[in-house]
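Please consult the sequence and model shown here before reading on.

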Amino acid sequence: MTRYSVSFLYNEVEDAINMVIYLDLIFLVNFIFDVSLLLTVDLLLKRKAKMWRVVLGALVGETSMLTLFVNFDNTFMFLFKIGLNLAMVVATFSFKEIRYTFYNAIYLYLVGMILGGFEYYLYNEFQVGGQFGIKYLIVLVLSPIALIVYYKLSKKFKNDYNNRHSLKVVYDECVFEGVGYLDSGNKLVNPINGKIIVLIEKEYIHYHKLKLIPVPYNALNHHGLLYCFSPKELYVDGREYKDIMIGLSEVKFNIEGCNALLNARMENI
């Protein structure tokens, strides 16, 4: 065997070894990505899937590696990916009804798109460089962090913005329109007439000609008098509420975009 042949054979063997390592790395990265995606869907939708089912769903997702070896046409590839997505969510969350499975699949797509966008941004904006393995290692570490941040922000958005409601108060030929936050800590009630109290930051109300009623209140480590008035009309999300008083708050609520605190005793909000 000539020296050239030996050298060529050595290079072929080295390339084959590198290809095995490459496939192992692809499998590991995809598996961890799929586990992260399924766990994020599980947390967002509160499915409470067992960990072994999440692992099973991720393993089902690894069949996507078939596309590395087989050339599919565009139509078949599209159907294959949809079928694979459905198979992953059924393996992870089981099949209970069509709507249940549909939401699981849609959220898996959405979370995957967010992760894909994060990877694209990471590569292009920060110019992640280095060898192939190092690039994947960086994305492998940062991607779960990105999904955790997304979950936390989604949870905050759901808890925060679901408690925001449009508020309209008509009083003394004036109209206040703002955003009220449904605060579980606001359970103020006028002890004399039993009317519940909605708080509005004082600066938003033209109160100089109003007949204000001092109402005693007790809060955590604090008590005093809250000046209130009875509006002619009060609407929350277009629905009229009766027997409500408006309390003028001397302090700002520091809730982004909100200038009123709705009362936790208000029904059907």
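The structure is a predicted model. Y171 is likewise classed as buried, at 2% relative accessibility.

## Aromatic pairs

The number of aromatic pairs in the model comes to 4. Among them is the pair of Y171 and F229, whose ring centres are 5.3 Å apart. With 50 degrees between the planes, this pair is tilted. Y171 belongs to strand β1 (residues 164-171) and F229 to strand β5 (residues 222-229), so the contact ties together parts of the chain that are 58 residues apart in sequence.

A further pair is formed by F176 and Y204, with ring centres 6.4 Å apart. Because the planes of F176 and Y204 stand at 65 degrees, the pair is edge-to-face. F176 is located in strand β2 (residues 174-183), and Y204 in the loop between β3 (196-201) and β4 (213-219). The pair thus links distant parts of the chain, 28 residues apart. F176 is buried, at 3% relative accessible area, whereas Y204 is partly exposed, at 36% relative accessibility.

## Positive surface patch

A patch of positive charge on the surface brings together K46, K48, K152, K155 and K158. One of these residues, K152, is placed in helix α5 (residues 132-161). The relative accessible area of K152 is 54%, and because the exposed class begins over 50%, K152 counts as exposed.

How values were computed:
Residues are numbered from 1 along each chain as its sequence is written. This is a predicted model: local features need pLDDT of at least 70, side-chain atom pairs count only at pLDDT 80 or more; totals for chains, interfaces and linings use all residues. Side-chain values use heavy atoms; hydrogens and water are left out. Rings of Phe, Tyr and Trp (its six-membered ring) pair if their centres lie within 6.5 Å; planes under 30 degrees apart count as stacked, over 60 as edge-to-face and the rest as tilted. Helices (H or I, at least four residues) and strands (E, at least two) are DSSP runs, numbered from the N terminus. Buried means under 20% relative accessible area, exposed over 50%, partly exposed in between (1.4 Å probe, protein chains only). Patches are made of residues with over 30% relative accessible area and no salt bridge: like charges are joined within 9 Å, nonpolar side chains (Val, Leu, Ile, Met, Phe, Trp, Tyr) within 5 Å. Accessible areas come from the Shrake-Rupley method with a 1.4 Å probe; for residues, only the protein chains shown count as cover. A salt bridge is a side-chain nitrogen of Lys or Arg within 4 Å of a carboxyl oxygen of Asp or Glu. Lys and Arg count as positive and Asp and Glu as negative; His and the chain ends are not counted. The place of a charge is taken as NZ of Lys, CZ of Arg, CG of Asp or CD of Glu.
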